Amino acid sequence: MAKEKELHDKQEEYYSALAQAAEMAKREKDEAEVTEKKNASLRNILKQQIMENELKHRAEEQEKFKEGKEMKAKMDAELIKLETFREKMVSDMKSKGINDKYFGEMMTIDIKKLLMK
């Protein structure tokens, strides 16, 4: 009878250990799932932030390029205006009979170079 009780106790201990191991495995599995969900959520948030930052950076670059194009258009318009003015002054000087050596420098000056300074 003592052997039967001892055998019964060992079986109970064995099944109890199995139940505890199964419970621990389930708890670890649940914790791993929760951790994976948190990590997936964080990855999604980071991806969203990266995408937003890229869009913002692209918009800033486009704005910068837009400003550059506007400045170039203004410089081109100013250059045309100054060259037209120079040509008019030279033709007026020629029509008045002024010697070429007085407006020669005006014709050789690089207006574009002066605008860039």
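How many residues apart in helix α1 are lysine 81 and glutamate 78, and about how many helical turns separate them? I looked this up before anything else. They are 3 residues apart, and about one helical turn lies between them.

**Entry: what I'm looking at**

I'm working from a predicted model, not an experimental one. The mean pLDDT of the protein is 89, and 99% of its residues reach 70 or more. I then went element by element: α1 has the highest mean pLDDT, 92, while helix α2 (residues 100–108) has the lowest, 76. Helix α1 takes in residues 2–95.

**Entry: lysine 81 and glutamate 78**

Back to my opening pair. I find a salt bridge between their side chains, with N to O at 3.8 Å. That makes the cut-off, because a salt bridge here needs nitrogen and oxygen within 4 Å. I checked the cover on both ends. Lysine 81 comes out exposed at 54% relative accessible area, whereas glutamate 78 is partly exposed at 30%.

**Entry: aspartate 30 and lysine 26**

Next I went to another part of helix α1. Aspartate 30 and lysine 26 sit 4 residues apart there, about one turn of the helix. Their side chains meet in a salt bridge, and I noted 3.0 Å from N to O. Lysine 26 is exposed, with a relative accessible area of 52%.

**Entry: arginine 58 and glutamate 54**

The closest N and O atoms are 3.9 Å apart, and the pair is a salt bridge. I got 42% relative accessibility for glutamate 54, which counts as partly exposed.

I ran the search over the whole structure and got 9 salt bridges. Among them are lysine 81 with glutamate 78, aspartate 30 with lysine 26, and arginine 58 with glutamate 54.

**Entry: a nonpolar patch**

Which residues make the nonpolar surface patch? I found Tyr14, Tyr15 and Leu18, with a patch area of about 360 Å². I also checked where tyrosine 14 belongs, and helix α1 is the answer. Each patch member has over 30% relative accessible area and no salt bridge, because those are the conditions for being counted in a patch.

**Entry: where I stopped**

Key: Residues are numbered from 1 along each chain as its sequence is written. This is a predicted model: local features need pLDDT of at least 70, side-chain atom pairs count only at pLDDT 80 or more; totals for chains, interfaces and linings use all residues. Side-chain values use heavy atoms; hydrogens and water are left out. Patches are made of residues with over 30% relative accessible area and no salt bridge: like charges are joined within 9 Å, nonpolar side chains (Val, Leu, Ile, Met, Phe, Trp, Tyr) within 5 Å. Accessible areas come from the Shrake-Rupley method with a 1.4 Å probe; for residues, only the protein chains shown count as cover. Helices (H or I, at least four residues) and strands (E, at least two) are DSSP runs, numbered from the N terminus. pLDDT is the predictor's confidence in each residue, from 0 to 100. Buried means under 20% relative accessible area, exposed over 50%, partly exposed in between (1.4 Å probe, protein chains only).
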